Amino acid sequence: MTQAIRPRRALELSRRSFGVLAAASVLAACSRGPQTASPNAPLRVLAINHVWTQAISRYLPELEERIGRRVTMRMLTADQLTSSFNVKLNASATDIDVMTIRPLQDQMMFARNGWIADLTDRVEDDADYRWTDFQDAPRERSITAGAAVSVPVVTERPALYYRKDLLQDFGGAPATLDDMLDIALELQRRTEGFFGFVGRGQRSGAVTQWSSFLYSFGGDFTVDGRSGIGSPEAVAAYQYYGRLLHDAGPPGATNMSLEQAMPIFAQGKAAMYVDADAIYSNFLDDSISTVTDTVGFAPFPAGQAGSVPHNIPSWSLAVNEFSLLRDDSWEFVRWASSPEMVARLQSEGIPGARQSVWDDPATLASFPADLAEAMRVNAANGVGHDRPEVMQVGRARDIVGRPLVSGIVGEDVASVAADADAEFNDFLVRDNRQQEF
Amino acid sequence: MTTTTTARAATGPGKSTRAAAPSGKPFVTFEQANRRLKWALLAPALGFVGLMIAFPLVFTINLSLTDAFGAVNAGSSYVGLQNFTDALTDTRRFWPAVGRTVTFTLGAVVLETVLGLALAMLMRKAFRGMEIVRTILMVPLLATPVAIGILWMLILDPTNGIANHLLGFVGIPPQEFLGSVSQSLPTLMLIDVWQWTPMMTVLLLAGLTTLPEEPEEAARVDGANAWQRFVHIILPMLRTTILTALVLRGVDALKTFDLIYATKGPGGGSDFEAETLNVYAYGLTFDYQEYGLASAVLVLFTLFIVAIVVVLRRRTERSAS
């Protein structure tokens, strides 16, 4: 055997060996480390910046004592949260253990991607947890492809916020959508900067609140698996909502989501406002509201098909599939959605998803009486979704929202709805294919 | 076992030859080995470039050839150039986004250049309070685009904003500004002009200060007025600086995302009225999770930017020569 002795071997670095070394370094850097969590690693919760999260964070020491581990909670806005999940979970990140997700927006996609853990055995096998105590609609929305992958913690319905002082002459809050339109048109003084009605008008952002109008007109996003947005009921709902904002609403309504619409009512510049009941406290806060003494709360007004608002789980807890602390993560979910905690939080004004808690009048004592009644009525009549139940919710909302915008800017709704209907049907075919996972 | 040592024979100063081993394979001399040390020394920089620039670019190009959907680490299939075909035949979102990207960039950068040049000319000669004026001019540059977006949203709010109150004093009816489909893009361009004109001013002022004074003096002696001196003396001499500033600001304006997203939200508004290519690609990625198509749009966008830079660079070099 012949072997060459080369001088200073350490310095001999050919292009090929450099490439191999670099690739090995990158692989080593990218390879997963030990797949067990350090005993001192905190339980990391990435959550929505919401009153629920702020409230639960005050009780974290109780859980920390129980699981013997520190719990860190990071709060983001909804858009930031979705982007963070997309970035981190695409990289199979282990630095998130518990997540707050929007079950109707994210869950199907996250489950398809394998990003959220199956909790079926945990929720069903734990008798003390009382899984069946959750209201039917939120519980059903926790299940994707036969598996319970989330647990609802905050529920939401629309509420009609109105100015008691202004609507006194009309006999109080309108009971029907027709009355609401008439009153809004009569009270509006657009040239003076006062509006009969304010609501969301953004193409995608308005879809969820508009859903209650759609259902109350007798329509739905899909009917027998096909688009329902071209139906006469849906077109009527589009036209109604468009007229409400076009003729009685503020300028620039198509750029308005919750953040823009809410201050207009809070500043006393609108007579009526329909939005989530979870935001009611903004109107009772002296520092940001001028209507603390005059705001009233009412159930969603009835349309041709009655009063059919949505009643949905707006936020749920899920466990990251890649978490190294699955058991502790479940402990967090179990603790935060236990009957006792839900009762405690609902008593503080945060509506939960457990029926036993809703049946206890004491938990509704913190809500204004008329709001509690509106929530109870809306929950009883509610539909369990407020957007198309599809995989690609973002694209679906963009399609469904197009006629909505046409109505608000005063264009012909029927033709746009027909076009959107065809587009939505094509979309549903593609989306159904993606749902086969 | 036979052991062979590397032969080293100098045939002249600084030169070395390779001695062949009995097997016929060349040995590596000390100088050659020493030269390869450069690879080791370059490794950190090359690694950084590879990781931060080349890898994402190659990854995006690879993704653009697949039907990746939902998650990039989920299974996907190669679909050839299908995503590029889909993008280039999309007249509802892609081409309007291209048009808005070009309109926004051209409109904003031209205004910024004209205003920046005017301000630079004004500040060319020292005057009392010049330092204060320069400091004030720099303020918009210090804020982040998101903060600026929120600030202008409050100012331009159609109902509660101060802009409509001020317009009311001079008898102009309230405007919808960012709430209007037709006014959104021009309003965003004006906000961009407000923020970035100072940068153009600084760049052009730097160019102006390097110009020789003699040609202008000679023109003045010959009776040329201020406008003639500006058009025939200053502008030609400043051409290279202007083109460089245009390239820098133009590429930056093409990529504008944060300002548009902060003020108009996903899709650039309800009628996609402010949706540029960047906003469209972001929406495809984070709202629709269509990673394959989003990557194709980004690749096309990158090619678009590279083409513009190449053209402008050639013009710069031609004008310099």
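Visitor: Where in chain A does pLDDT stay under 50?
Guide: Over residues 1–13 of chain A. This is a predicted model, and for that stretch it has 34 contacts beyond four places in sequence.

Visitor: And what does chain A average?
Guide: The average pLDDT of chain A is 91, with 92% of the residues scoring at least 70.

Visitor: OK, domains. What does the assignment give for chain A?
Guide: Domain 1 covers 43–149 + 312–381, and domain 2 covers 158–311 + 384–434. Taken over C-alpha atoms, the centres of domain 1 and domain 2 of chain A are separated by 27 Å.

Visitor: How many residues does each domain put into the contact?
Guide: Domain 1 of chain A contributes 21 residues and domain 2 of chain A contributes 22 residues.

Visitor: Which elements give two or more residues on the domain 1 side?
Guide: On the side of domain 1 of chain A that touches domain 2, they are α5 (107–113), α7 (136–140), β14 (312–319) and α16 (369–381) of chain A. The largest share of that side, 8 residues, comes from α16(A).

Visitor: How do the residues of that side divide by type?
Guide: Into 12 nonpolar, 5 polar and 4 charged.

Visitor: Switching to sheets. What's the strand order in the one with 5 strands?
Guide: The order is β3-β2-β4-β14-β7 in chain A, in an open sheet with mixed pairing. β3 (71–76) and β7 (151–156) of chain A each have a single partner strand, so one side of each is left without a neighbour in the sheet. From one strand to the next, the twist averages 20 degrees.

Visitor: How many bridges join β2 to β3 in chain A?
Guide: There are 6 bridges between β2 (residues 43–48) of chain A and β3(A), and the two strands run parallel. R44(A) is opposite T72(A) in β3(A).

Visitor: Which helices pack on that sheet?
Guide: Helix α4 (residues 78–90) of chain A packs on the sheet and touches β2, β3 and β4 (98–101), its direction making about 135 degrees with that of β2(A). Helix α13 (residues 326–336) of chain A also packs on the sheet, touching β2, β3, β4, β7 and β14. The direction of α13 makes about 155 degrees with that of β14(A).

Visitor: Last one, α12(A). What do the buried residues of α12(A) pack against?
Guide: They pack against β8 (158–163), β9 (195–198) and β12 (270–276) of chain A. The buried residues of α12 (residues 258–266) include M262(A), I264(A) and F265(A).

Visitor: And which residue follows α12(A)?
Guide: G268(A), with a positive phi near 75 degrees.

Note on methods:
Residues are numbered from 1 along each chain as its sequence is written. Chains are lettered from A and ligands numbered from 1 in the order in which they are written. This is a predicted model: local features need pLDDT of at least 70, side-chain atom pairs count only at pLDDT 80 or more; totals for chains, interfaces and linings use all residues. pLDDT is the predictor's confidence in each residue, from 0 to 100. Two residues are in contact if their C-beta atoms, placed from the backbone, lie within 7 Å. A residue is buried if 20 or more other C-beta atoms lie within 10 Å of its own, exposed if 12 or fewer, and partly exposed in between; C-beta atoms are placed from the backbone. Helices (H or I, at least four residues) and strands (E, at least two) are DSSP runs, numbered from the N terminus. Domain bounds come from an automatic or database domain assignment. Ala, Val, Leu, Ile, Met, Phe, Trp, Tyr, Cys and Pro count as nonpolar, Asp, Glu, Lys and Arg as charged, and the others, Gly among them, as polar. Two strands pair if DSSP finds at least two bridges between them. Axes are lines fitted to C-alpha atoms, for helices over the stretch in contact, and angles run from 0 to 180 degrees between N-to-C directions.
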